[in-house]
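Hi,

Here is the structure you asked to look at.

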Amino acid sequence: MELTFSPEEDAFRAELRSFLSDDLPAHISDAVRAGGELSKDIMVEWHALLAGKGWLATTWPKEFGGTGWTPVQRQIFEEETCRFYAPRIVPFGLSMLGPVLQTFGTKEQQDTILPRILSGEDWWCQGYSEPGAGSDLASLKTRAVRDGDDYIINGQKTWTTLGQHADKIFCLVRTDVDCKPQAGISFILVDLDTPGIEMRPIRLIEGGHEVNEVFFTDVRVPATELVGKENQGWTIAKFLLSHERTGIAGVGFSMQALEEVKTLARNTRRGGGMLIDDPLFAARIAQVEIDLEAMKITNLRMLFQAQKQGAPGPETSILKIKGSIIYQELNDLARRALGSSAAPFPGHVTEGNILFGPPDTANSAAKYFNNRKISIFGGSNEIQRNILTKTMLEL
Amino acid sequence: MDFDLTEDRRMLSDTLTRYLAEQYGFEHRNSVAYTAPYHDAEKWTEMADLGILAAFAPEDAGGFGGTGFDVSVVFEALGRALCPEPMLAALMASRLMMATGADQETLLDGSRKYAVAIGEIECPYGLDYLATSASAHGDGHVLSGRKTAVYGGQTADVFLVAAMLNGSLALFEVAANDAEIVGYGMMDGGGAAEVLLDGTRAKLLLADARDALQDALNAGVLALCAESLGAMVYSYEMLLEYLKTRKQFGVNIGRFQVLQHRAVDMLTEIEQARSIVIKAAAELNGPKATRYCAMAKNLIGRAGRLISEESIQMHGGIAMTWEYPASHYGKRLVMIDHQLGDTDFHLAAVMAG
Ligand SMILES: Cc1cc2nc3c(=O)[nH]c(=O)nc-3n(C[C@H](O)[C@H](O)[C@H](O)COP(=O)(O)OP(=O)(O)OC[C@H]3O[C@@H](n4cnc5c(N)ncnc54)[C@H](O)[C@@H]3O)c2cc1C
């Protein structure tokens, strides 16, 4: 047992810190700190800065222009970028499509698409879910029918995160109906400018626009846009699900949130003293801090295991479940700490320059509600438990 | 023992529930709840004409109610419809005016809107650390300080304000025109205001108002608990309906035992919530009101969060959308904990005895 980082890892952390403190522009970290939606400009600017350092594709091997980092390095990267309030890297091209193409794509797909992800020329979004196919993804109905050298796509995708900023979408589509549902699915790349595609915004619980519906009506896509073989889509989807599990626990984000709550509680005057001196509130903070301390180790243990085995095992579902619970609990505390000052609808109080608390807390309630999503998307916590039940408990 | 509502209260409840279902449907609710002034004057008058406000005051004050159960049936119905109107403000003002002996006619007929300004940023809940101060000025008084999250303040004509006068907590009346009022919409719909007082002219109503203010807070707490209960019940009905109709893996998701058991846990908490509301309502006008209201608000805070979070989780993505009502119920259930004392505040109150 050795819980300390190696000298190389410490040096890596120091290098990251000096980059983040010197080169992360204040307007970017301020926007992240404010906690609302980020503009595409900000995300693009941040990606370009990382790309310039060669640090954008944190999960890609070096031969594709990635960092070739170990899981521990990626964890350090997450912690440090969170500490400095850098934006989260938008995952669709970099953590999702990239690894899929590296494993299942043709040479030509790799050569044309991967560089455009790195350069920021193409922004991707993920078209898996449909109104009738959420947890039961394999029941998806969006149909792709072969017609000469093309596929013609009809159907609807939904929940498409950041689709409004994207140029392209990778989709799971049904290419065969006369078989087990899983066996008739293909993975295909679609340019969002293709005629027949309509994107409509979905407004979320707290009022923000981050997800969309995408409608496909006779959308003609060249068959060369298929990734892997026809009807191999489910295999690819499963690969993607199990492949990229670094960061799934959100430890860096929870560490950031814990610091925020502590700072807030220290600086908030409440009932004659400071909030941090309220034993009930302090106990709530301590309770999550304990869970998070354990989660840091659970996360590293499982990342190490994955590194040894070459691929993460089903036990990493534990990271998703407990990691989301911890983060959501911290969001709950941030909201709670504000007392009645959590009430204003973000952006509504424009008159008179009125403050309710530190400016970066204005979105706390909104953030709490918005982050209810993290136990729903990417395989809900119930589905993660089902996976564990089957694979680990063999029940 | 009799746990049935009296005939009169059942009628009051039915009338209001029916009125809200017909006249304050969800689309209308959302447009009022999230657009300034977060209040529909016409519907407000209609509800006053139905006697909803009069239910807050006893007969000798010009109303026909004034007991805890009058308060709880009205607010449970309001909660069920997620009604954003400033009824809480009217209730709390009516309680204060009962203490001052003021004439309540214009409050109860809905023609004058009152708001009650107690909380401050550093003392959002409770009465012990309020800092807004009053001093004599000419033959009247002036107030200085900031009152925060004054529910209904964005549309009020008159404010009843708690302020320190010569070391004791006093009650004043301030006309909306005399103070700087910054109105805004709330996260979960409805409106509030910051009331900025800076040498603001005020009329002294009660020099020692502590008991009266505590009584107004207790009534407000009971109202919020009943409102939460109404919202929980409706939220739960929506969830059950969804569990019975949403299909994944070829079956209604309500067939999954894990969801069944969690739904049963929710039911258990809702039953507990109803019981604590009944208890607090029964005690509202008695000597232990503060303690039972605190118990109720603590339990409701916990149950409300559970129902909100579980309802969203068990619906899946759809309850994360603005369009689907469950999201707005979810927000209200959680944000009620930020009004008049949260779970911890009231737990501490119960611990203190
Ligand atoms: C904010 C947000 C962003 C998203 N972004 C994207 C995106 O970019 N691209 C994309 O493709 N998708 C995206 N999703 C979709 C997301 O993956 C789905 O919401 C998720 O898979 C759940 O599906 P559902 O919402 O249809 O819920 P359902 O599958 O209908 O589930 C409803 C409830 O039933 C439970 N349940 C379902 N099956 C079982 C079972 N067998 N046992 C026990 N419980 C069960 C679920 O856990 C849930 O609690 C996003 C969703 C949200 C909310």
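Below is what turned up around the ligand and on one bit of surface.

Just so you know, this is a predicted model.

Let's start with the ligand. You'll find it between chains A and B, with 30 residues surrounding it. The closest are Ser135(A), Thr161(A) and Ser380(A) from one chain, plus Arg246(B) and Gln313(B) from the other. Sorted by class, that shell comes out as 13 nonpolar, 14 polar and three charged residues. As for helices, H12 (381-391) of chain A gives at least two residues to the shell, and so does each of H8 (257-283) and H9 (289-315) of chain B.

- Glu382(A): an N or O atom of its side chain is 2.7 Å from an oxygen atom of the ligand.
- Arg246(B): here too a side-chain N or O atom sits 2.7 Å from a ligand oxygen.
- Gln126(A): this one uses the backbone, with a polar atom 3.0 Å from a nitrogen atom of the ligand.

How much of the ligand's accessible area does the protein cover? On its own the ligand has 970 Å² of accessible area, and the protein covers 95% of that.

Now for the surface. Met392(A), Leu393(A) and Leu395(A) make a nonpolar patch of about 350 Å². Leu395(A) belongs to the segment after H12 of chain A. Its relative accessibility is 75%, so Leu395(A) counts as exposed, the cut-off being over 50%.

Cheers

Technical notes. Residues numbered from 1 in each chain as written. Chains lettered and ligands numbered in written order. Predicted model: local features only at pLDDT ≥ 70, side-chain atom pairs only at ≥ 80, totals over all residues. Heavy atoms only, no water. Near = heavy atom within 4 Å. Polar contact = N/O pair within 3.5 Å; in protein donor to acceptor, adjacent residues only side chain to side chain. Areas by Shrake-Rupley, 256 points an atom, 1.4 Å probe, with all protein chains shown as cover. Helix = DSSP H or I, 4+ residues; strand = E, 2+ residues; numbered from the N terminus. Nonpolar A, V, L, I, M, F, W, Y, C, P; charged D, E, K, R; others polar. Patch = residues over 30% accessible without salt bridge, like charges linked within 9 Å, V, L, I, M, F, W, Y side chains within 5 Å. Salt bridge = Lys/Arg side-chain N within 4 Å of Asp/Glu carboxyl O. Buried < 20%, exposed > 50% of the residue type's maximum accessible area, 1.4 Å probe, protein only.
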